[in-house]
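Hi,

Here is the structure I promised to send over. Have a look at it first, and then read my notes below.

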Amino acid sequence: MASIEKLWNHHKVPLTLAALAVAAFNNWLLALVLNPHLFLKDGSVSEFSVPTQPYSWVFRATDIISGLLFLALSAWVLKFMKSSQKARKWLYVLAVGLAVFGVANGVDGLLPLNCSDTANSTCQVTVALSLSHIILPSHAYSSVLIAVSYFLLPLASYKYARANGLQALERVSLVSLGVSVLSFVTAIHEYVHQHSLSVHTAGFPQEAQMLIIGWWLLVLFYSIRPNRQALKEVS
């Protein structure tokens with residue numbers, strides 16, 4: 001137990017976990033080799049996990065792994081809160097947001113779409129939204145949680161960065177937050193003009209946003225990583 005505690009307290013742990021989480025989260029990069037046909041057709045990231053697609057189990061497995069890593073990062077932030085002097089409430093929001101993000105990614109892997117409408121013209125995913133009637137595939141609920149996390153997490157890190165003078169984190173959080181808002185406005189604009197909602201998402205913009213979230217996550221944990229010299233003094 002002592003060795004595990006010592007490893008958990010190592011100054012490289014948060015950034016290493018973040019790097020692994022970013023790699024697993026951006027599993028669509030594997031499609032360049034494992035499913036280039038769907039990738040070049042601008043298939044959404046979720047479609048790589050459809051059971052009938054090549055190597056779909058790889059994409060589902062990495063979704064689940066990324067979920068577990070985000071949960072580990074959430075636990076680390078909760079631990080880090082004990083030594084923080086400013087904006088602790090925003091660290092708590094970050095911890096909760098990372099936990100939700102992790103669960104949503106894991107559910108994405110466990111409940112994939114049944115078919116790919118990019119690869120199969122006969123694929124029909126029923127979607128209906130009204131005040132009295134809501135029909136969504138199970139996969140959509142976790143995707144909504146991920147979309148909310150795209151907004152909530154950078155907002156919390158921006159507030160924390162402002163309070164602690166972390167300028168790099170502040171700027172990256174603003175960029176990530178701006179992209180999230182733009183994505184939301186684009187979705188609302190499409191719904192208003194088409195009077196309908198689809199679970200289909202263009203792959204390239206989605207993949208770009210995932211890279212930005214990955215960049216934000218690395219900057220976040222680089223910015224709040226424990227100071228090596230401080231750890232030496234404590235030990």
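Let me start with Glu-170, which sits in helix α8 (helices are DSSP runs of H or I with at least four residues, strands are runs of E with at least two, and both are numbered from the N terminus). Before I go on, a word on what you are looking at: this is a predicted model, where local features need pLDDT of at least 70, side-chain atom pairs count only at pLDDT 80 or more, and totals for chains, interfaces and linings use all residues. Residues are numbered from 1 along each chain as its sequence is written, and side-chain values use heavy atoms, with hydrogens and water left out.

Back to Glu-170. With a relative accessible area of 18%, Glu-170 is buried (buried means under 20% relative accessible area, exposed over 50%, partly exposed in between, with a 1.4 Å probe and protein chains only). Not counting residues up to four places away in sequence, Glu-170 touches Tyr-158, Ala-161 and Arg-162 (contact means heavy atoms within 4.5 Å). Its side chain meets that of Arg-162 in a salt bridge, 3.5 Å from N to O (a side-chain nitrogen of Lys or Arg within 4 Å of a carboxyl oxygen of Asp or Glu). Side chains of opposite charge can pair when their charged atoms come close. Arg-162 is exposed, at 54% relative accessible area, while Glu-170 is buried. The structure holds one salt bridge.

Now the overall picture. The protein chain has ten helices and two strands, in the order α-α-α-α-α-α-β-β-α-α-α-α along the sequence. It has 235 residues, and 40% of them count as buried. Among contacts with a separation of 6 or more, 75% are between residues 24 or more positions apart. The accessible surface comes to about 13000 Å², and carbon and sulfur atoms own 66% of that (areas are from the Shrake-Rupley method with a 1.4 Å probe; for residues, only the protein chains shown count as cover).

Next, the inside. The largest nonpolar core has 43 residues, and Leu-73, Trp-216, Leu-217 and Phe-221 touch the most other members. Helices α2 (13-25), α4 (36-40), α5 (56-80), α6 (88-110), α7 (138-164), α8 (167-194) and α9 (203-223) each supply at least two residues of this core. By nonpolar core I mean a set of buried Ala, Val, Leu, Ile, Met, Phe, Trp, Tyr and Cys residues joined through side-chain atoms within 4.5 Å. In soluble globular proteins, nonpolar side chains tend to be buried together.

What does Trp-216 contact, leaving aside its neighbours within four places in sequence? The list is Leu-94, Leu-153, Pro-154, Ser-157, Leu-169, Val-172, Ser-173 and Ser-176. Trp-216 is one of the buried residues of α9, which also include Met-210, Ile-213 and Leu-220. The 21 residues of α9 should span 30 Å at 1.5 Å a residue, and its end C-alpha atoms are 30 Å apart, which agrees (the expected span is 1.5 Å times one less than the number of residues). Helix α6 has 23 residues and reaches 33 Å from first C-alpha to last, close to the 33 Å expected. Its buried residues include Leu-94, Leu-98 and Phe-101.

On the outside, Val-144, Val-148, Phe-151, Leu-152, Val-181, Phe-184 and Val-185 form a nonpolar surface patch with about 600 Å² of accessible area together. Helices α7 and α8 are the elements giving two or more residues to the patch, and α7 gives the most, with four. Patches are made of residues with over 30% relative accessible area and no salt bridge; like charges are joined within 9 Å and nonpolar side chains (Val, Leu, Ile, Met, Phe, Trp, Tyr) within 5 Å. Val-185, in helix α8, counts as partly exposed at 46% relative accessibility.

Last, the loop between α4 and α5. Val-50 is found there and is buried, with a relative accessible area of 0%. Val-50 and Ser-116 are 66 residues apart in sequence and 6.5 Å apart in space, C-alpha to C-alpha. Most residues other than glycine have a negative phi. In this loop, Asp-42 has a positive phi of about 65°, and Tyr-55 has one of about 55°.

Cheers
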